[in-house]
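Visitor: I'd like to learn how to read a two-chain model feature by feature. Could you walk me through one?

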Amino acid sequence: MELSEFVQKGVQRLADPGSFDSNAFTLLLRAAFQSLLDAQADEAVLDHPDLKHIDPVVLKHCHAAAATYILEAAKQSADKSTLSTYLEDCKFDRERIELFCTEYQNNKNSLEILLGSIGTSLPHITDVSWRLEYQIKTNQLQKMYRPAYSVTLNVENTDSQSHPEISFRCNMEQLQDLVGKLKDAAKSLERATQL
Amino acid sequence: MLLDLSEEHKEHLAFLPRVDSAVVAEFGRIAVEFLRRGANPKIYEGAARKLSVSTDTVQHGVEGLTYLLTESSKLLISELDFQDSVFVLGFSEELNKLLLQLYLDNRKEIRTILSELAPDLPSYHSLEWRLDVQLASRSLRQQIKPSVTIKLRLNQNGAHTTQVLQTDPATLVRLVQQLEQALEEMKTNHCRRVVRNVK
């Protein structure tokens, strides 16, 4: 794990009971996780009365360092022993290491979901709606009498946050072809997950 | 239902009895080509020269024939109605039979062409799919994230468009479910009743 000096110094500072007593340590740690995972969180997360006695610059430094370290660990899917080893090197006492690992374990899934959702991908289909019509005539053609489908795919773009729709029409044979192919894909998926 | 032929239309068709049946058959072929691919002035010029008439006459003759065929196909009139409609033109029985045969031979294709005339929405052409598993990204290593990549080809006004999309396994199952329901709808009593009674 490559950590910058800024981050390393910040984490090491957290080990020092002189800078952070037990209570302050717990609060800061929780604040770090909260900043990462709570969409509504802002700087007020550090506005706790039990943290007021600490120099704001130090507070921000350690908060940022802790958050960065947590992200790096989650990114690499670090396990408890990796965390323990690093924190030991930073001179954390046993109690603080246990606390850190417990908080990390509790939040690991959410962190992974968060990190996994970052990145670009193709437009993502979220839903489908359809309409069945029975066509009788148009101005060009009378006595048609055939069923026609309109299908709309709801699509989400990760980056632009737009929700375009893709609509098309098809007749019964084409819809059967479409459904057949999607069923093949679903079956392959099922088989692949059983291997 | 009889066809309503305007005076101008009758005038254009009046050219047909003046040529022999092989030429009429040829004009019929040109008329259907016209529907498939649009007008080809060179053909008109060639025919006009061979028949020693003006290009306009040939063009009107073909267009008149085209209109006769498309109107008949559009309304899907019966053989009897077609014969009665053409009867007013005062053509020979041989020519009438030829025109009827042209109608019967080509009406299915003409109806197909007519049905493609006003595509408002893109229509489905084909679909290809691929299974992927994402293993890692810049922000997260050691992932196992299955997804399905889909290439959807659509036709719009003759042009092909391609959309590349992705979906997750759960949504895929839902897509299949929803669209199978759509297919099943046609077999319900309600739809069957509509199909039976709307004629």
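Guide: Let's start with the elements: helices (H or I, at least four residues) and strands (E, at least two) are DSSP runs, numbered from the N terminus. By that count chain B has eight helices and three strands. Keep in mind throughout that this is a predicted model.

Visitor: In what order do the elements of chain B run from the N terminus on?

Guide: Chain B reads α-α-α-α-α-α-β-β-β-α-α. Chain A has six helices and three strands, and along the sequence its pattern is α-α-α-α-α-β-β-β-α.

Visitor: What share of the residues in chain B is buried?

Guide: Buried means under 20% relative accessible area. In chain B, 40% of the 199 residues are buried; in chain A, 39% of the 195 residues are. Chain A exposes about 10800 Å², and carbon and sulfur atoms supply 50% of that.

Visitor: And how do I read the contacts inside a chain?

Guide: Look at sequence separation. Take the contacts in chain B between residues at least 6 apart in sequence: 58% of them join residues at least 24 apart. In chain A, residues 24 or more positions apart account for 57% of the contacts with a separation of 6 or more.

Visitor: Where is Ile136(A) placed?

Guide: Ile136(A) lies in the loop between strand 1 and strand 2 of chain A. With a relative accessible area of 35%, Ile136(A) is partly exposed. Its C-alpha atom is 9.0 Å from that of Pro147(A), 11 residues apart along the chain.

Visitor: Which residues does Ile136(A) touch, not counting those up to four places away in sequence?

Guide: In its own chain, Ile136(A) touches Gln142(A), Lys143(A), Met144(A) and Tyr145(A), and across in chain B it touches Val198(B). That last contact takes us to the interface.

Visitor: How many residues of each chain are in contact there?

Guide: 54 residues of chain A contact 54 residues of chain B. The area buried between the chains is about 5200 Å², and carbon and sulfur atoms give 68% of it. In chain A, Trp130(A), Arg169(A) and Leu182(A) lose the most area to chain B, together 13% of what that side buries.

Visitor: What about polar pairs and salt bridges?

Guide: The interface has 23 residue pairs in polar contact, both residues at pLDDT 80 or more. Two salt bridges turn up between the chains. The side chains of Lys183(A) and Glu180(B) meet in a salt bridge, at 2.5 Å from N to O.

Visitor: Which element of chain A gives the most to the side that touches chain B?

Guide: Helix 6 of chain A does, with 15 residues. Elements that each supply at least two residues include helix 3 (56–75), helix 5 (94–116) and strand 1 (124–135) of chain A. By residue type, the side of chain A that touches chain B divides into 30 nonpolar, 14 polar and 10 charged.

Technical notes:
Residues numbered from 1 in each chain as written. Chains lettered and ligands numbered in written order. Predicted model: local features only at pLDDT ≥ 70, side-chain atom pairs only at ≥ 80, totals over all residues. Heavy atoms only, no water. Contact = heavy atoms within 4.5 Å. Buried area = accessible area lost by both parts, 1.4 Å probe. Salt bridge = Lys/Arg side-chain N within 4 Å of Asp/Glu carboxyl O. Polar contact = N/O pair within 3.5 Å; in protein donor to acceptor, adjacent residues only side chain to side chain. Nonpolar A, V, L, I, M, F, W, Y, C, P; charged D, E, K, R; others polar. Buried < 20%, exposed > 50% of the residue type's maximum accessible area, 1.4 Å probe, protein only. Areas by Shrake-Rupley, 256 points an atom, 1.4 Å probe, with all protein chains shown as cover.
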